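Here is a short report on how one protein chain packs together. Look through the model, then read on.

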Amino acid sequence: MSDARFMAHALALAARGLGRVWPNPAVGCVVVKDGVVIGRGRTADGGRPHAETQALAQAGPAARGATAYVTLEPCAHHGATPPCAEAFIGAGIARVVTAQRDPDPRVDGGGFEMLRAAGIEVVEGVMEAEARALQAGFLSRVTRGRPLVTLKLALTLDGRIATASGESKWITGPAARTHVHAERARHDAVMVGAGTARADDPQLTVRGMGDVPQPVRVVLSRRLKLPEESAMLRGAAPVWLVHGDAPPERCAAFTARSATLLPCPAGAGGHVDLGAALRLLGARGLTRVYCEGGGTLAAALLSQGLVDRLDCYTAGKAIGAEGTPGLGAMGLAALSEAPRLRLTETRILGPDLLHRWTAG
């Protein structure tokens, strides 16, 4: 029971790093001696220093003979910093309790081997399911080569996202919108399609959450038909434009505005290949992407099996058939072809309702 209690503490610390530490995993570590926490840490913003290093520094010499609880296998390779497994050995840690193995080929059991070779007791798999859920983005990037994708929809009761005239502010109330900003903060990037960027001119920033790191703003636009004076280009947070066969003058215009251009192969219908785009984002270190539409992009991601989590905010309003549907055409010929998601959470947010669905 005590192992689970201290691991829960480490997981709570790790969760604070979501959206702040990419390309590194959000890890938590607690050092315990005689039942008392003497050191704790999480992966610092930007990915350094690691959780283990901070927890050991806080524990100091008292770490000798203590137990370390860490949410992911300690790294065993030399990168920007020495291996955390070596740090445990050097600090005289007697026992290491972990939640899960790190699938990164540079680690993948190597950290455990190093610890055991030094005579340290290693316990694996404590609260593993909870840790895997927390680390889903990092695990996705390492094992699938792409970030975890959360699709967000804000809908009326009849599944509309705007009136026939395009009015959409605001379908949901303040509580739901605050929750959306909190979710943006927990993701590495916020992504939209070119249609949404043109129609809404969104900032795609986290607001009302204090001084927090801003997510990367990602726009998918094959030809870069975007306003050069858009709101997101006036902000300090990075903007990445994933494009296809865009004219050179359009590329030059956005490069001059400090946007990062990411060329991507074309997929069906000449649009940006979504699978390739996500792999491109994963290769650049993103682990968690929050997609805010619009309907065409949302439908394409769902139909191609690229949505890992769907956050559906529903307001007690009805617009009617003339309104804009939340999802574009998906080309389904039979109900059996429809993507199937599993309901994992329901929450009341003021006058609105959040349904959270997961794939698989």
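## Leu301 and its neighbours

Leu301 touches Met191, Leu274, Leu278, Cys291, Leu306 and Val307, leaving aside residues up to four places away in sequence. Contact here means heavy atoms within 4.5 Å. This is a predicted model: local features need pLDDT of at least 70, side-chain atom pairs count only at pLDDT 80 or more, and totals for chains, interfaces and linings use all residues. Residues are numbered from 1 along each chain as its sequence is written, and side-chain values use heavy atoms, with hydrogens and water left out.

Buried means under 20% relative accessible area, exposed means over 50%, and partly exposed is in between (1.4 Å probe, protein chains only). Helices (H or I, at least four residues) and strands (E, at least two) are DSSP runs, numbered from the N terminus.

In soluble globular proteins, nonpolar side chains tend to be buried together.

## Strand 9, covered on both faces

How many of the five residues of strand 9 are buried? Five of the five are, so strand 9 (residues 216-220) is largely enclosed by the rest of the structure. In a regular strand the side chains alternate between the two faces of the sheet. On one side of strand 9 are Val216, Val218 and Leu220; on the other are Arg217 and Val219.

Strand 9 pairs with strand 8 (residues 189-193) in the parallel sense, over five bridges. Two strands pair if DSSP finds at least two bridges between them. Gly193 has Leu220 of strand 9 as its bridge partner. Strand 9 also pairs with strand 10 (residues 239-243), again in the parallel sense, over four bridges. Here Val219 has Leu241 of strand 10 as its bridge partner.

## Aromatic pairs

The count comes to two aromatic pairs. Rings of Phe, Tyr and Trp (its six-membered ring) pair if their centres lie within 6.5 Å; planes under 30 degrees apart count as stacked, over 60 as edge-to-face and the rest as tilted. Phe6 and Tyr69 form a tilted pair, 5.3 Å centre to centre with 40° between the planes. Phe6 lies in helix 1 (residues 2-15) and Tyr69 in strand 3 (residues 67-70), so the pair ties together parts 63 residues apart in sequence. Both residues, Phe6 and Tyr69, are buried.

Trp22 and Trp240 form an edge-to-face pair, 6.0 Å centre to centre with 85° between the planes. Trp22 lies in the loop between helix 1 and strand 1 (28-33) and Trp240 in strand 10, so this pair ties together parts 218 residues apart in sequence. Trp22 is partly exposed at 24% relative accessibility, whereas Trp240 is buried at 6%.
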